Amino acid sequence: MAGATMDKVVSLCKRRGFLFQGSELYGGLQGTWDYGPMGVELKNNVKRAWWRANVYERDDVEGLDAAILMNKLVLRYSGHEATFSDPLVDCRKCKKRFRVDQIEPNEKCPAGGTHDLTEPRPFNLMFKTTVGPIENDENIAYLRPETAQGIFVNFKNVLDSTNRKLPFGIAQIGKSYRNEITPKNFIFRVREFEQMEIEYFVMPGTDEEWHRRWIEERVAWYHQYGIRSENLKQYPQTGDELSHYSKATTDLLYRFFPEREEGKQFDEVEGIANRTDYDLICHTKGGRTTFKDGSFLVNEHAVLKQTYFDQATNQHLTPYVIEPSGGVDRIALAFLMDAYEEQKLEGGKERTVLHLHPDLAPVKVAVIPLARNKPDMVEMAKRIKKTLQLTGRMRSLFDDSGNIGKCYARQDEIGTPFCVTVDHQSLEDHQVTVRHRDTMLQDRIAVDSLQGYLEERLR
Ligand code: GAP
């Protein structure tokens, strides 16, 4: 039995229609990926599982879907316009550009010898565009580099329209864009990605306790959906690693690179930050955006104060914020890697299987006619598929793409928990065979009981 490596998962994702290189037909566009038929289902399921846990199953979190394009002042007062940059170096020989922290000293240059690097200089990672027909500096807007700012600028709107009391949170899922200098490792570092973020507003003084609680919540969510303990670890950032807005941040690291040497296998899948009152103070009338070097910007544009009225003390205050922030793409990749297994079967056969949690599996049930040239059998399989699909609770697929062995192999590779086979006998006794993905055991079930049988096991 063998587990995942990034290369194996990349290969499966292409073969089975999870992911394709963005704009592949025209040679690709670096840092972009298109989610195929299986990928879009997996990604939607990841987002659904996150939303269910963080919005529906809690009583203290509201949802939001803010616009990607925002007034550029949002990203000025958030500090992104001035500081959202990576230090870059250029090689004078091969003319390539690198992030300072991603190039080893004395690394070989393709033009010969080692790289001849320039001094580092900052490179802003935000994509610019123009709003309206006239292209000038006035009309610049940025594609948001994080969903968080859309939440901060709507704090007062959500508070006033829902009458929430502290503590409460606002959750959002959506696209973010970063002009990464070196996009790499499949969907791990890309230029267009999705984030799932919560800004959880608390009374100052209770922030450390809530930070601890959110770390526990988020770790439990990964385990609930199948991530193994040995593949997920917590990393509290120290000193200079902390962003200028953060009092404390714990990163959740996943073992994305098991093939690498010890110490280089894990990387960030999510960060959980204590952002203090930094952001609400930036985005409030007369507030200040303070930078790491002590300089600051006074907010002369916000039209109101984003504060909270505390009835207990009769005072307006600025809440503190705890922010669990994960990337959908990285999280989906972590689930794929954790679920991947190559198995040796009896008789020397092998199979590759994705042991995805049923909630995350792109397809829940595949219905397969044993012989695709038998119209009665095909008809019965299609009818069963349609009935299961109409429940709205299980994505079902009619699969007659090959012989039964090939269909099972394909369904194992995309992580389908159940295959239902219609055979000659089914036409007479109205029973079908249900094959379980993980054990490969088979049950004979009456068609009338099939829906209940599957629902019970998918729950
Ligand atoms: N609002 C806080 C924030 O955006 P971040 O650590 O920069 O914090 C949060 O991003 C998460 O977004 C990361 O943990 C990662 O999962 C994801 N992410 C960030 N940049 C990414 C990129 N270039 N490609 C894919 N995912 C990315």
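Colleague: How far does a polar side-chain atom of glutamate 268 lie from an oxygen atom of the ligand?

Modeller: Here the idea is the polar contact, a pair of N or O atoms within 3.5 Å; within protein, one must be able to donate a hydrogen and the other to accept it, and residues adjacent in sequence count only if both atoms are side-chain atoms. In this structure, the distance for glutamate 268 is 2.5 Å. Please keep in mind that this is a predicted model, where local features need pLDDT of at least 70, side-chain atom pairs count only at pLDDT 80 or more, and totals for chains, interfaces and linings use all residues. Residues are numbered from 1 along each chain as its sequence is written, and side-chain values use heavy atoms, with hydrogens and water left out.

Colleague: How many residues surround the ligand?

Modeller: A residue is near a molecule or strand if one of its heavy atoms lies within 4 Å of it. Here 20 residues surround the ligand, and the closest are Glu146, Arg178, Glu180, Glu197 and Glu268.

Colleague: Which strand gives the most to that shell?

Modeller: Strands (E, at least two residues) and helices (H or I, at least four) are DSSP runs, numbered from the N terminus. The answer is β14, with 5 residues; β11 (192–202), β14 (267–276) and β19 (320–327) each supply at least two. In total, the protein has 13 helices and 26 strands.

Colleague: In what order do the strands of the open sheet of 3 strands run?

Modeller: Strands of a sheet pair through backbone hydrogen bonds, either parallel or antiparallel. Two strands count as paired if DSSP finds at least two bridges between them. The order here is β6-β5-β7, with antiparallel pairing. At the edges are β6 (97–99) and β7 (121–124), each pairing on one side only. Strand β5 (residues 85–90) pairs with β7 over 4 bridges, and proline 87 stands opposite proline 122 in β7.

Colleague: What share of the protein's residues counts as buried?

Modeller: Buried means under 20% relative accessible area (1.4 Å probe, protein chains only). Of the 459 residues, 50% are buried.
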